[in-house]
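The following exercises are to be worked with the sequence and the model at hand. Each task is followed by a solution in steps.

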Amino acid sequence: MTALSEQDGTVQIIACTLETLDAEDNGGPALARSLNATDPVGWPPEHNDASTRDWMRSLIRDHPNRPGWGMWYILADGRPVGIGGFKGPPNDSGCVEIGYSIVEGDQRRGYAGRAVAMLVARAFDNPQVTSIAAETLPALNASQRVLTRKGFVLTGSSFDAEVGEILRFTLNRPQPT
């Protein structure tokens with residue numbers, strides 16, 4: 001099976017598979033080899049650990065006929081710089097949730113914004129998707145800027161006992177003109 005991939009200039013996103021998740025268990029260089037990429041400068045990005053990969057394996061197994069609704073690797077200039085993607089296929093109301101994380105040494109270079117733009121376009125290519133949600137912490141100003149630059153609007157917040165306040169941003173499907 002050919003890997004799902006999208007490209008915007010020198011930034012590319014590649015959908016994870018069970019094989020790439022297994023390779024990533026062996027570190028950044030093994031992941032890079034599985035993606036035919038050069039070694040990452042730093043790996044893994046924040047919020048990407050063994051439990052994240054186990055959760056993603058379950059998502060892939062639970063939705064074998066719905067590829068692309070999970071994690072994607074973000075590559076820039078041919079090397080992994082982060083992860084992004086969906087937390088599953090659209091729910092009954094047509095909402096999908098995205099998340100992303102860039103390794104510290106590659107932050108503030110526009111990679112997250114370009115990856116988010118590709119994920120948004122991909123989601124809205126599916127007629128079932130009516131909105132896209134993303135959550136971030138109040139202290140993550142750069143993440144909030146990525147979302148607002150891509151048209152997301154702050155729509156609420158919640159409290160998590162482990163991390164505290166979580167901000168929720170939403171982007172609704174553009175209406176035809």
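**Exercise 1. Cysteines**

How many disulfides does the structure hold?

*Solution.* The structure, which is a predicted model, holds zero disulfides.
Step 1. A disulfide requires two cysteine sulfur atoms within 2.5 Å.
Step 2. For C16, the closest cysteine sulfur belongs to C95 and lies 20 Å away, which is too far for a bond.
Step 3. Starting from C95 instead, the closest cysteine sulfur is that of C16, again at 20 Å and too far for a bond.
Step 4. As to accessibility, C16 is buried, with a relative accessible area of 9%. C95 is buried as well, its relative accessible area being 15%.

**Exercise 2. The sheet**

In what order do the eight strands form the open sheet, and which are the edge strands?

*Solution.* 
Step 1. The order across the open sheet is β1-β2-β3-β4-β5-β6-β8-β7, and the pairing is mixed.
Step 2. The edge strands are β1 (5–8) and β7 (153–160), each of which pairs on one side only.
Step 3. From one strand to the next, the twist averages 25 degrees.
Step 4. M71 has G85 of β4 opposite it.

**Exercise 3. An aromatic pair**

Classify the pair formed by W43 and Y73, and state where its two members lie.

*Solution.* 
Step 1. The pair of rings is described by the distance of the centres and the angle of the planes.
Step 2. The structure holds two aromatic pairs. In the one formed by W43 and Y73, the centres are 6.4 Å apart and the planes make an angle of 45 degrees.
Step 3. Planes under 30 degrees apart would count as stacked and over 60 as edge-to-face; the pair of W43 and Y73 is tilted.
Step 4. W43 lies in the loop between α2 (28–34) and α3 (50–62), whereas Y73 lies in strand β3.

**Exercise 4. A serine in a strand**

Is S131 buried or exposed, and which residues does S131 touch?

*Solution.* 
Step 1. S131 lies in strand β6 (residues 131–136).
Step 2. The cut-off for a buried residue is under 20% relative accessible area. S131 has 10% and is therefore buried.
Step 3. Leaving aside residues up to four places away in sequence, S131 touches G94, C95, V96, F124, T170, L171, N172 and R173.
Step 4. One of these contacts, C95, is the cysteine of Exercise 1.

Note on methods: Residues numbered from 1 in each chain as written. Predicted model: local features only at pLDDT ≥ 70, side-chain atom pairs only at ≥ 80, totals over all residues. Heavy atoms only, no water. Pairing = 2+ DSSP bridges. Helix = DSSP H or I, 4+ residues; strand = E, 2+ residues; numbered from the N terminus. Axes fitted to C-alpha atoms, helices over the stretch in contact; angles between N-to-C directions. Buried < 20%, exposed > 50% of the residue type's maximum accessible area, 1.4 Å probe, protein only. Contact = heavy atoms within 4.5 Å. Phe/Tyr/Trp six-rings, centres within 6.5 Å; stacked < 30°, edge-to-face > 60°.
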